[in-house]
Amino acid sequence: MDAKHIKLLRKQRLHLAKQLIVGDTIVQYLYQENILTESHVEEIRSQNTNKKRAIKLLDILPTRGPKAFDTFIDSIQDEYPWIKTKLLDELTRLGDGQTGSAGMTFIQTARFFVAVFVTFVLHLLRRISTLFQVLF
């Protein structure tokens, strides 16, 4: 993993630990793409809270080679597009001092934020639906 990726994950560590639900989707995708080993998967799953699972994943990722960061970004793009966007914007800022949204028109920016918001709401609705299925 590049030094800039390690620096970014370290800088965003607490934010990621609070926001990400490190469940089977992210972990299994990283396993499928040969970023995590079976031992890593078990180590992550053995953590007793989601925050600890996220921290463990963030501890392991920097040691997993040059494709680890991009594959991690791919693993969160469906369920956490706003986190992906934040990380990539921050990566751009770390790299060259520019903002990630530079050059976007107002309409493009508005469409982007509407898409992120809709995705977030859909994600919440899926979680609520799952909760209701479990409860009732």
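This is a predicted model: local features need pLDDT of at least 70, side-chain atom pairs count only at pLDDT 80 or more; totals for chains, interfaces and linings use all residues.
1. Residues are numbered from 1 along each chain as its sequence is written, and side-chain values use heavy atoms, with hydrogens and water left out.

2. The protein chain has 8 helices and 0 strands (DSSP runs, H or I of at least four residues for helices and E of at least two for strands, numbered from the N terminus). Its C-alpha trace spans about 45 × 45 × 25 Å along the principal axes. Of the 136 residues, 30% count as buried (under 20% relative accessible area, with exposed over 50% and partly exposed in between, for a 1.4 Å probe and protein chains only).

3. The contact (heavy atoms within 4.5 Å) involves Asp24, Val27, Gln28 and Tyr31 of α3, together with Glu38, Val41, Ile44 and Arg45 of α4.

4. In helix α1 (residues 3-11), the buried residues are His5, Leu8 and Leu9. They lie on the same side of α1, because they cover an arc of only 95 degrees around the axis (taken from the directions from the helix axis to the C-beta atoms). Exposed residues Ala3, Arg10 and Lys11 are carried by the face of α1 turned away from its buried side.
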